[in-house]
Amino acid sequence: MKVFLRLTLQVFFFFSFTSSFSQIQNSDFVKENYTKIDTTITMRDGIKLYTIIYVPKDQSQKYPFLIERTPYSVRPYGDNNYAKRIGPNAALMLEKYIFVYQDVRGRYMSEGHNKEVTPYIPNKKSNKDVDESSDTYDTMDWLLKNIKNNNGRAGLYGISYPGFYATASLPGAHPSIKAVSPQAPVTDEFIGDDANHNGAFFLLDNFDFMNYFGKERSGPTEDYGGSMFDANTNDVYSFFLNLGPIKNTQSEKYFNHRSYIWNEYLAHDTYDGYWQKRNIRQYLKNIKIPTLVVGGWFDAEDLFGSLHTYQAIEKQSQVNKNFLVMGPWTHGAWGRNGWNKFGTYDFGSNTSKYFQDSLQTKFFNYFLKDKGSWNTSEATVFETGTNQWRHFKQWPPANISEVSYYFDSNKKLSNQKNNTVNSFDQYVSDPANPVPYTAKVQGRRNNEYMVEDQRFAASRNDVLVYESPVLNEDITIAGPILADFFASISTTDADFIVKLIDVVPPEEINATNPSKSPVSGDFQRLVRAEVMRGKFRNDYVHPEPFVPGKISEVKINLNDVCHTFKRGHKIMVQVQSSWFPLVDMNPQKFMRIPDANENDFQKSTIHIYHDKNHASKIVLPVLK
Amino acid sequence: MKKFFSFVVVLLFFFSSFAQNQDSTWFVNNYTKLEQYIPMRDGIKLFTSIYIPKDQSSKHPFLMTRTPYSCAPYGADKFMPVWRSYKMAYAKENFIFVTQDVRGRYMSEGTFVDVRPFNKNKKAHLNDAVGQGKEIDEASDSYDAIDWLVKNIKNNNGKVGVTGTSYPGFYSTEAALSGHPALVAVSPQAPVTDWFIGDDFHHKGAFFVMDAFSFYPFFGTPHPKPSTTYTQGFSFKSDDNYNAYLKTGALKNFAKLMGDSIPFWNELYQHPNYDEWWQARNARNGLYNVKPAMLWVGGLFDAEDCFGAWNSYKANEKQSPQTNSRIVMGPWYHGQWSREGSFLGNVRFGSNTSAFFQDSIEIPFFNYYLLGKGNTSNIAEANIFFTGENKWHRFDKWPPENVQEQNLYLGSDGNLSLNEKPNNLKGFDEYTSDPAHPVPYTQDIHFRRTREYMDDDQRFASRRPDVLTYQTDILDNDVTLAGPVIADLITSISTTDADFVVKLIDVFPDDFKYPEDVKGNDENYPMGGYEMLVRAEIMRGKFRNSFSKPEPFVPGKITEVKWELPDVAHTFLKGHRIMIQIQSSWFPLADRNPQKFIDIYKADDSDFQKADIRIYHDGANASKIILPVLK
């Protein structure tokens with residue numbers, strides 16, 4: 001999430017210098033065309049939220065509101081300090097809306113107490129029962145009454161944490177809200193977003209992020225005064241390996257119990273009430289407000305949230321106007337001016353501009369201004385591998401069939417089950433030498449790991465590799481992926497990471513990246529990966545130890561993809577038991593991991609079976 | 001060597017500047033070229049290019065290089081581009097440049113023999129009238145060439161110098177053994193010296209399969225009669241050496257790809273041990289009674305012939321103490337001393353060390369001995385660049401007088417301590433060496449063996465479960481090493497053979513950054529916590545007691561494995577740490593050991609098996625690394 005914040009600043013920077021909109025080359029565009037109002041809006045419980053409103057100077061027509069609620073500050077503060085750009089994209093700024101920015105409750109200049117991913121209160125009993133829905137409601141109420149020349153409609157949008165606040169406006173929404181676009185919305189932080197994936201703690205991102213975001217304040221402030229502690233390193237692998245068990249993050253040098261969110265994360269190591277209350281999906285019922293859910297295939301933070309916010313609205317609202325956009329983007333990259341390439345991918349077109357012009361601008365103009373048309377498909381999805389936009393009537397598409405690819409001996413990935421008995425591969429997962437999540441030595445989490453060449457992992461003896469024969473036809477997969485395998489371990493807990501990889505001939509990559517140094521050999525391009533903390537294999541609420549040596553089935557849902565493995569490529573699966581320091585190291589002992597000491601960490605010998613009775617497989621959604 | 005060879009070619013074609021254009025015009029206008037077949041004592045004629053200065057106002061010396069890589073360009077009107085290197089300084093002194101295709105290579109007649117053994121018993125013939133004895137070796141060919149030159153090229157001053165890098169370094173060593181009285185100065189640079197113990201194709205008996213397999217399909221193809229070209233044999237259609245070599249599998253399969261037409265490849269497979277055949281090919285054999293002034297040159301990070309440079313000098317000192325012999329070692333890859341010398345890979349040296357070598361050492365050396373110009377008082381017995389502190393040191397002997405052997409003991413929990421022997425009763429670390437997942441020698445995907453692996457960041461390796469890592473506390477004082485490093489491991493293995501690789505590493509401080517004005521490779525690599533390889537060497541376990549008579553391990557039995565790593569010259573600065581890594585593969589630099597006591601050249605794919613390796617560090621079985629600490 002911090003990465004996103006950096007990204008936002010970059011977007012601002014790019015915008016003012018490289019925009020193709022000639023009008024905005026004038027950096028005073030906002031000041032010349034909008035009047036800025038800094039104000040506070042009083043919520044039903046008396047708490048005042050700091051709000052900035054940019055009203056078009058041209059008052060010859062009425063305008064809808066376009067609102068972003070944020071925990072990252074609405075700055076610049078002060079009536080005379082104008083942002084260089086406003087709104088989700090340049091076209092909408094030129095189009096003119098009443099743009100509203102609000103510091104959410106308890107953050108920056110707003111009063112009150114902040115809660116991590118504020119739980120929604122379904123049956124509010126008094127004015128003390130406030131949440132993000134009620135705060136949005138009260139804000140709308142005030143805006144409609146106090147800002148002249150509005151057309152009575154409002155839209156909300158936001159990326160990442162602000163994406164959550166956009167989603168949170170939906171249950172119990174104010175009737176004026178007519179269009180909402182949650183983009184990479186934080187959605188379920190135990191199952192798939194930011195904090196944990198399937199119960200495995202995302203150490204690297206959160207340690208860094210909470211160092212600044214998790215800081216307490218004594219009252220409203222424009223500035224939290226930087227990070228809590230200095231943890232500068234240019235090599236996060238060494239840093240976290242040396243740091244040891246995650247309880248050491250609470251030492252005097254680091255969090256030292258000063259971050260309420262960090263304390264909560266370590267306190268809630270199962271899918272208990274704390275996390276369940278924060279899963280907003282359960283409240284996305286009968287959502288009739290038009291929604292445009294946006295996400296990136298290479299979003300290292302909230303890919304799960306995008307896919308599952310869309311899915312929750314779809315499943316729980318019989319009548320809806322719910323749309324999905326999934327592009328070849330990192331976290332928030334759809335907000336950039338240009339996004340033609342990433343890693344060794346060349347998408348062949350400017351995918352972020354396509355989103356801004358053909359989807360986002362049209363969406364708000366149509367539903368908030370009755371302007372233009374909106375005949376967009378249910379799902380607008382970028383297909384990687386072939387690098388083209390696809391338009392589907394539903395997501396996942398109707399015409400997919402689940403095809404199983406079985407792990408087999410001799411590193412093979414096969415269409416057929418192995419019919420022998422007692423066939424398996426094994427490796428030792430050693431907490432002293434966890435498998436790196438990237439080959440790069442880096443001071444922070446990179447985005448490229450999501451598409452990185454996995455040969456560095458394949459050369460290790462604690463990573464299993466299964467590879468298909470060379471494909472003699474294209475195989476397109478569209479939808480979620482299931483890894484379903486049989487494992488026995490020598491200890492009582494272990495993590496499992498399953499990686500789906502496209503083995504690409506180097507000529508293909510080099511043809512699309514002529515300027516870069518040439519890629520060599522069969523490139524093992526990561527398509528999708530996911531982790532499962534083994535003890536949660538049957539139940540996220542009630543973890544269960546493994547019985548050493550006993551075969552257990554483990555299923556992992558990998559996030560959706562839309563990808564073509566081209567003819568001449570191979571499909572590969574890798575299995576490993578650490579992904580460091582992206583994910584904290586499992587001590588491989590059944591216990592509360594936040595309580596683990598140095599000496600709780602132990603090696604575990606992992607067997608993965610591929611025989612008649614234990615046919616480990618990956619199930620792919622193959623598009624016909 | 002192929003690498004070096006191709007680099008030369010690249011140099012010829014791509015380097016150009018205005019100044020060089022001026023120099024090229026000058027050289028062509030002021031020299032004439034003579035192409036000459038020079039007859040040897042057995043009647044075989046060697047093709048020789050001679051560049052003669054037009055200036056006849058004084059007499060001039062010869063500077064000769066004998067090479068298996070061709071004395072191209074051929075044609076009396078085609079000039080080798082002397083102006084593209086520092087050798088232009090010799091042209092300005094009107095040296096006569098001589099390049100000769102060695103016997104059996106390119107345009108020379110006769111039969112080529114790789115690292116042809118020195119023939120001691122032929123010495124009598126050398127003292128006899130030339131042409132009487134029919135026995136030849138590279139020393140006699142050098143003698144005969146020198147003799148012809150001083151007698152037939154007009155206006156020479158009767159003095160000859162010989163130099164050459166890599167394989168031509170070997171021919172320089174052999175020339176020094178010719179005993180010809182006109183030969184007064186020789187500078188073997190990165191000389192090929194012992195292909196079983198430490199240079200090019202084997203290190204301590206482990207086959208350097210990648211270098212050999214990329215070199216011989218070109219270098220070794222048959223050449224029945226003189227010709228300016230060779231055919232290219234097999235080459236991999238791959239850009240990923242790790243994958244290509246792993247998939248090819250056992251050495252047997254490489255032989256199949258190579259075909260049977262390359263004599264040396266076939267011979268090499270017949271000699272898995274350091275037998276008489278290999279012993280005869282140790283260039284140190286002849287280093288007795290060496291007459292000319294010698295300047296041995298090598299690179300601390302030479303992936304090919306680092307061993308040869310250090311150990312030829314040492315043999316020269318020991319076996320021929322009366323020789324005026326000196327050594328220069330800089331922080332260089334193979335041949336880097338003739339090119340940019342400010343950095344190698346991510347590690348920077350703070351100055352252009354190559355320019356220092358050229359201007360202050362080699363040029364004064366030849367100018368003095370061949371022309372009598374200037375003096376050599378600035379060239380010490382040993383002129384050694386110390387990385388870490390990045391300074392040249394000058395010594396009266398090598399290793400220096402004031403070096404003390406100190407023991408670096410492995411300990412539990414990855415600790416490493418200087419001089420503190422462990423006293424625990426039990427202690428070992430263990431890993432599984434799996435031939436299906438050998439430890440890569442470097443991290444990045446590529447095909448050609450890199451030269452930067454010699455000082456690469458080893459963090460990729462310390463993260464593997466099949467690499468043991470030990471490090472000292474942060475150093476309170478500088479620790480300078482000068483001389484060879486001894487690895488002395490107490491081990492047991494679950495099978496009958498295994499390889500051992502010990503790596504000596506300098507761990508930079510977490511906040512380390514080079515100052516911006518220190519020249520580097522512009523890659524902005526994260527240097528904080530960098531694990532700089534200072535020296536590494538492999539030992540094929542079965543040769544632990546004898547390279548000639550391999551012995552199996554008894555599974556589970558505690559066994560000492562001790563071997564010498566080539567000399568180092570490095571200062572671990574205060575604030576750094578010393579690290580040791582131990583692993584049992586180094587792929588595909590070295591071939592995989594099947595981990596079964598067997599003739600590896602005859603092993604099948606099915607012979608390769610996992611081995612569990614234990615390295616002990618208890619009071620009775622204290623594994624250690626013996627460091628040459630300079631006081």
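This is a predicted model: local features need pLDDT of at least 70, side-chain atom pairs count only at pLDDT 80 or more; totals for chains, interfaces and linings use all residues.
View 1. A:N256 lies in the loop between α7 and α8 (260–267) of chain A. A:N256 has 13 C-beta neighbours inside 10 Å and therefore counts as partly exposed. The class follows because a residue is exposed with 12 or fewer such neighbours and buried with 20 or more, with partly exposed in between. The phi angle of A:N256 is near 50°, which is a positive value in a residue other than glycine.

**View 2. A:N286 in a loop of chain A.** The loop that holds A:N286 runs between α9 (273–277) and β9 (291–296) of chain A. Phi of A:N286 is near 50°, a positive value in a residue that is not glycine. A:N286 is exposed, as 12 other C-beta atoms lie within 10 Å.

**View 3. The cis peptide bond from A:R75 to A:P76.** Omega for this bond is near 10°. A:P76 is placed in the loop between β3 (63–70) and α3 (90–95) of chain A.

**View 4. The cis peptide bond from A:F580 to A:P581.** Here omega is near -5°. The loop between β23 (570–576) and β24 (604–611) of chain A contains A:P581.

**View 5. Helices α7 and α9 of chain B in contact.** The axes of α7 (residues 209–219) and α9 (residues 251–258) of chain B come within 11 Å and cross at roughly 10°. This angle makes α7(B) roughly parallel to α9(B), because angles under 35 degrees count as roughly parallel. The crossing of α7(B) and α9(B) is right-handed. From α7(B), the residues B:V209, B:F213, B:Y216 and B:P217 make the contact, and they meet B:L251, B:F254 and B:M258 of α9(B). By class, the contact of α7(B) with α9(B) has 7 nonpolar residues, with no polar and no charged ones.

**View 6. The contact between chain A and chain B.** Chain A gives 24 residues to this contact, and chain B gives 24 residues. On the side of chain A that touches chain B, α7 (236–243) and α12 (455–458) of chain A each supply at least two residues. That side of chain A divides into 7 nonpolar, 10 polar and 7 charged residues.

Key:
Residues are numbered from 1 along each chain as its sequence is written. Chains are lettered from A and ligands numbered from 1 in the order in which they are written. Axes are lines fitted to C-alpha atoms, for helices over the stretch in contact, and angles run from 0 to 180 degrees between N-to-C directions. Helices (H or I, at least four residues) and strands (E, at least two) are DSSP runs, numbered from the N terminus. Angles under 35 degrees count as roughly parallel, over 145 as roughly antiparallel, 65 to 115 as roughly perpendicular and the rest as oblique. A crossing is left-handed if the near helix is turned anticlockwise from the far one by less than a right angle, and right-handed if clockwise. Two residues are in contact if their C-beta atoms, placed from the backbone, lie within 7 Å. Ala, Val, Leu, Ile, Met, Phe, Trp, Tyr, Cys and Pro count as nonpolar, Asp, Glu, Lys and Arg as charged, and the others, Gly among them, as polar.
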